[in-house]
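Work through the following exercises with the sequence and the model at hand. Each task is followed by a solution in steps.

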Amino acid sequence: MQKSQEEIVRTFFAQLSQSNYDKAKDFMEKQRSVSLNNVWPKSLFDILCDFALAEKNYSDTNFEPAKNKMLARKEDENYLDFVYKTLFQDLEKLQAEVDDSFVTKLITSLLYYISVRLELLKFYDKLYEIGLSNNYINFGELVEIVERIQNEFQNLPPVDGVLRILHYELDCMKHLFKCHEHLQNWLYLESLLSLKKGSDAIILWEKCYQNKETWRFGSLFMSKNTLPALVLWFKRFKLMTVSKFTLYFYGVLLQQSTLQEMKNICNSCNLQFFTKMQQLQKKSEAQCVLLVFDTSELSNYRGPGYWSPVRDLVDPYIKYQIMLSFPKVPVKLDVLEKIISENNNKESTMNKIELITLENVAYLLMRVDVRITFIMFYTSKPKNEEREKANAFEFVSQLRCHRLFTSVNR
């Protein structure tokens with residue numbers, strides 16, 4: 001019995017939604033000669049097969065040009081951006097030629113889907129450039145970009161299956177970026193809720209691939225992760241966010257658990273920021289390393305964690321609070337306030353490491369973001385200043401997500 005157009009398209013997109021891209025392409029190639037040869041224009045088969053290949057490269061975060069690709073491109077152009085734009089142009093031409101209402105509906109849905117893909121490719125390029133720049137990251141700006149895409153989101157059949165996956169992708173982005181935005185303001189409950197929502201979106205995204213067929217014989221002998229590379233990248237991003245959350249609220253979390261539980265949480269993350277901070281201090285000349293939070297111009301600030309509305313506000317005269325110190329050593333808060341204030345008032349200090357010598361002690365400072373400063377405290381000027389600066393810069397760069405963002409298209 002010959003399949004209807006609706007059944008064929010539904011099967012094609014069902015395969016795509018389970019990341020069976022090659023199977024979807026082969027299925028559509030077969031329909032070219034079996035079912036729809038006299039119904040669809042030949043170019044539509046070509047477009048759908050190329051679309052399946054483009055989706056495969058997208059899910060593998062294969063955004064960069066490589067040899068043996070299906071289309072020629074300009075040297076300075078993102079490979080997948082060129083592919084999707086070409087598909088978009090071909091669909092627009094075809095839309096003006098067809099009369100079939102179902103095919104017209106299919107083309108309209110694909111045009112919308114590809115337009116969102118193009119926006120996301122541009123966004124991932126932006127993340128990659130941010131990672132390379134080593135500059136302070138404005139996570140609030142990233143959240144606004146994702147929310148703008150979401151506000152224009154439409155759920156159009158017959159591509160609603162793959163649109164659902166795209167929705168999970170956007171949700172992961174928004175909530176994890178929001179978590180980092182809240183972390184920059186040392187907001188415990190808001191960070192925790194955003195982290196939970198981001199984790200939930202990843203779980204729903206993973207479930208879309210649970211029915212994907214794998215090579216059963218091979219699976220008897222080896223364990224292979226069948227999740228697309230893009231999902232795995234977001235899982236790494238989530239684990240890094242958990243690690244950063246644990247570092248920023250280590251004191252708060254320690255009050256709610258045991259030291260061993262905290263160690264287990266840190267060990268479960270791919271980036272153990274607390275351990276890295278300890279190791280940084282031990283291999284350096286510093287007596288201690290600190291994270292300091294600037295509370296100035298914050299209204300109704302009651303400290304990290306969740307507090308009752310009736311709790312007294314933090315003393316407004318104490319502008320800087322020590323978020324974490326390893327090891328705990330006596331540090332003069334008035335001195336910290338002076339050097340951080342003076343450093344923050346200078347131009348171009350956001351991405352610069354400063355070594356300040358004061359009263360026979362030294363402070364190495366670098367701002368993680370607008371309100372948080374990383375400090376290495378020395379009882380004397382470090383002998384190897386360049387090495388100390390390089391290690392501090394590497395630690396801050398990881399906290400800012402630079403290295404992770406440069407891996408988005410690899």
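**Exercise 1.** State which helix holds Leu 333, and decide whether Leu 333 is buried, partly exposed or exposed.

Solution. In this predicted model, Leu 333 belongs to helix H14, which covers residues 333–345. Its relative accessible area is 41%. Buried requires under 20% and exposed over 50%, so Leu 333 is partly exposed. Next, look at its surroundings. Setting aside neighbours within four places in sequence, Leu 333 is in contact with Tyr 320 and Ile 322. Ile 318 is 15 residues from Leu 333 in sequence, and their C-alpha atoms are 8.6 Å apart.

**Exercise 2.** Describe how helices H3 and H4 are oriented relative to each other, and list the residues that meet.

Solution. Step one is the geometry: the axes of H3 (residues 42–59) and H4 (residues 79–95) come within 10 Å and cross at roughly 155 degrees. Angles over 145 degrees count as roughly antiparallel, so H3 is roughly antiparallel to H4. The crossing is left-handed. Step two is the contact. From H3 come Ser 43, Leu 44, Ile 47, Asp 50, Phe 51, Ala 54, Glu 55, Asn 57 and Tyr 58; from H4 come Tyr 79, Leu 80, Val 83, Tyr 84, Leu 87, Asp 90, Leu 91 and Leu 94. By type, the residues of this contact are 12 nonpolar, 2 polar and 3 charged.

**Exercise 3.** Do the analysis for H5 and H7: find the orientation and the make-up of the contact.

Solution. The axes of H5 (residues 101–133) and H7 (residues 160–184) come within 12 Å, with a crossing angle of roughly 30 degrees. The cut-off for roughly parallel is under 35 degrees, and H5 and H7 are therefore roughly parallel. Their crossing is left-handed. The residues that meet include Tyr 112, Val 116 and Phe 123 in H5, and Leu 163, Leu 170 and Phe 177 in H7. The contact divides into 13 nonpolar residues, no polar ones and 2 charged ones.

**Exercise 4.** Classify the ring pair of Tyr 250 and Phe 274, and then that of Tyr 363 and Phe 377.

Solution. The structure has 27 aromatic pairs. For Tyr 250 and Phe 274, the ring centres are 3.9 Å apart and the planes are at 5 degrees, so the pair is stacked. It links distant parts of the chain, since Tyr 250 is in helix H11 and Phe 274 in helix H13, 24 residues apart. Tyr 250 is buried at 8% relative accessible area, and Phe 274 is buried at 11%.

For Tyr 363 and Phe 377, the centres are 5.2 Å apart and the planes are at 45 degrees, so this pair is tilted. Tyr 363 is in strand E4 and Phe 377 in strand E5, 14 residues apart. Both Tyr 363 and Phe 377 are buried.

Key:
Residues numbered from 1 in each chain as written. Predicted model: local features only at pLDDT ≥ 70, side-chain atom pairs only at ≥ 80, totals over all residues. Heavy atoms only, no water. Axes fitted to C-alpha atoms, helices over the stretch in contact; angles between N-to-C directions. Helix = DSSP H or I, 4+ residues; strand = E, 2+ residues; numbered from the N terminus. Parallel < 35°, antiparallel > 145°, perpendicular 65-115°, else oblique. Left-handed = near helix turned anticlockwise from the far one by under 90°. Contact = heavy atoms within 4.5 Å. Nonpolar A, V, L, I, M, F, W, Y, C, P; charged D, E, K, R; others polar. Phe/Tyr/Trp six-rings, centres within 6.5 Å; stacked < 30°, edge-to-face > 60°. Buried < 20%, exposed > 50% of the residue type's maximum accessible area, 1.4 Å probe, protein only.
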